[in-house]
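Dear colleague,

Please find below the structure I wished to pass on to you, followed by an account of what was found in it. I would be grateful if you could read the text with the structure open beside it.

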Amino acid sequence: MNSLKTLLIVVPLLLIATVVSGQLQIESFVTIGQNQTKSEGFLSTALRPSYELSNWTLGAGTELAVLNPQNTVLDVWNVDAERKFILKKQEYKLYGGFFYRPFSEYFRELNLVFEIKTELPHWKFMVGNNSRLYRLSAKALEQWPEADSAGTNIKKEWRNLLYSFSFYLKTLDHPWNVGLGISNTNGFFFNQETTPMLFSRYENKITESIQLFAECWLQQAGFANLQAQYYGFFVKGGLVWKCRK
Amino acid sequence: MQKIIFLSIAVLLSSCAHDLDEAGAVHSKYNANERFEMSQEWNNTHPFQVIIIPDSNYTVIYCGDTHIGTYEKFSQVLMAAKTPATTALVVAGDISRGHPESFDTLETLMNTVDSVNWFFTPGNHDLYFGGWDEYFPRFGASSYYFVVSTPAGNDVFINLDSGSGTLGNLQLDWLSGALASLHSSVRHISITTHLNVFKDGLGFTSGLPMEEVNVLLDLCAEYEVDYVISGHDHNRYESALGTTKFIIMDQCRDDEENSSYLEVHYGPDANSHVFHAIEDL
């Protein structure tokens, strides 16, 4: 019992100390777009706070589907962690994240994401893996109780390659920059490896602590089939605020 | 090393040149919505087929990726489809190689099997080299359904066109409407399309876009779809989620190994399926 009391006191103090000594960053953005499942358009807004502590960054995020949600307004939420390390004078970041998307009243999509990232003066690189799991919701399990014993309550796709490669006109430490890239993820959304998206990004550091950014993304269906067509696009704009230094 | 890579790529491209329509990587001559609208016009003048059978148990044969050209393996599938126990044959795309001569061969072949109720839906290879201009006048709609009517009830078979990588918003709306209007009056629902919903590990063949997969999964659950059957990957992969079995079939290409076709048995209560291997040539 005593140890529990100690924990109840010590853990919040540690958390407060952590927050005070670390750097809080908040990323917020709005996404507007259109695709073949939402031909009338969609609008979502996202918030991603994170704390940077020496070599670690711990974060969480949520995206709210304001216009045309597929199921609920809470489109997706996530928690993640990132660790910086140096290898042969080059800095790398190891990223791990868990994403929860209640896209249907019958199903939940869970994504376990691992990425390794690095940067060169004009380039950003990322490769990783996304393990995608679909599982039945509580409502669906109630409707089909036999799914548990039949093993049809969950579908696992362990291996999905993730990648992002982008080139920036200015060096990455420049106050403003323009970049072009190709990726199969935009942070909250993970395509199969054979469905890349093209994107462009403009970013501008308006103060020491605030950076504005805007991105345009083009989605092409069937690219790897050699019989492809336009699928959709989205535009993303927001800010990154580093609250404490 | 660079020379070896260059030569390998050159050899690969030249060996595939007859089968691949590289320009299609960025543009389809007809997109999914345009093909769907043409299909709907066709459906307006060609009503959905109803196959009436006296037995409540029956069999439908499925195959895909025949890539005609040559058709020795597909001929074996057609032989199986001619048996009295088989009610219909559904071919899940990449039936041809997109060239006019492939369609000529296919059309001639299908004219010899009057006794078989066969149903096609196109794959990406059928659309190569402007293939839709060959496919549509010969075989008609690519988005449609047919019904098998038995004493115990009706079963519906929906064929969807995913040949250019997406179902498209019009076809998705149509599918949603069709399922809503049909599900209460049918026993079993089977959907066939070329592209995969799920995949087995890392792959080079693309499935449907994830947003469409999520919409399709939701519809399958809401209307308790029995089967979603596809091809495209050329390698068999079976999975199930909720009440729906998702099956990717082997190919039926003469120049590949491990070919098979799928036989699904529909009954008053449950369904079952079995793969039949086709001997390598």
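The buried residues of helix α2 of chain B pack against strand β13 (229–242) of chain A, and also against α6 (132–139), β5 (144–150) and α7 (169–182) of chain B. These buried residues are B:Ala32, B:Arg35, B:Phe36 and B:Ser39. They lie on the same side of α2(B), because the arc they cover around the axis is only 100°. In general, an α-helix has 3.6 residues a turn, so residues three or four places apart point the same way. The other side of α2(B) carries the exposed residues B:Glu41, B:Asn44 and B:Thr45.

For chain B the average pLDDT is 92, and 94% of the residues score at least 70. Where pLDDT is low, the predicted coordinates should not be read in detail.

Chain B also contains an open sheet of 5 strands, in the order β4-β3-β2-β11-β12, with mixed pairing. Its edge strands are β4 (118–121) and β12 (271–278) of chain B, each of which pairs on one side only. From one strand to the next, the twist averages 20°. Strand β11 (residues 259–266) of chain B runs antiparallel to β12(B), and 8 bridges join the two. One of the residues involved is B:Leu262, whose bridge partner in β12(B) is B:Phe275. Helix α3 (residues 72–81) of chain B lies across β2 (58–63), β3 (86–92), β11 and β12 of chain B, and runs at about 170° to β2(B).

Turning to chain A, there are 3 helices and 13 strands. The C-alpha trace of chain A spans about 60 × 55 × 40 Å along its principal axes. Of the 245 residues in chain A, 29% are buried. Among the contacts in chain A with a separation of 6 or more, 45% come from residues 24 or more positions apart.

Strand β9 (residues 161–168) of chain A has two pairings to note. With strand β7 (residues 123–136) of chain A, β9(A) pairs in the antiparallel sense over 7 bridges, and here A:Phe125 stands opposite A:Phe165. With strand β10 (residues 176–183) of chain A, β9(A) is joined by 5 bridges, again antiparallel; A:Phe167 has A:Leu180 in β10(A) as its bridge partner.

Leaving aside residues up to four places away in sequence, A:Arg108 touches A:Tyr100, A:Pro102, A:Arg135 and A:Ser137. From A:Arg108 to A:Arg201 the distance is 93 residues in sequence and 31 Å in space, C-alpha to C-alpha.

With kind regards

Methods:
Residues numbered from 1 in each chain as written. Chains lettered and ligands numbered in written order. Predicted model: local features only at pLDDT ≥ 70, side-chain atom pairs only at ≥ 80, totals over all residues. pLDDT = per-residue confidence, 0-100. Pairing = 2+ DSSP bridges. Helix = DSSP H or I, 4+ residues; strand = E, 2+ residues; numbered from the N terminus. Axes fitted to C-alpha atoms, helices over the stretch in contact; angles between N-to-C directions. Contact = placed C-beta atoms within 7 Å. Buried ≥ 20, exposed ≤ 12 C-beta atoms within 10 Å, placed from the backbone. Arc of directions from axis to C-beta.
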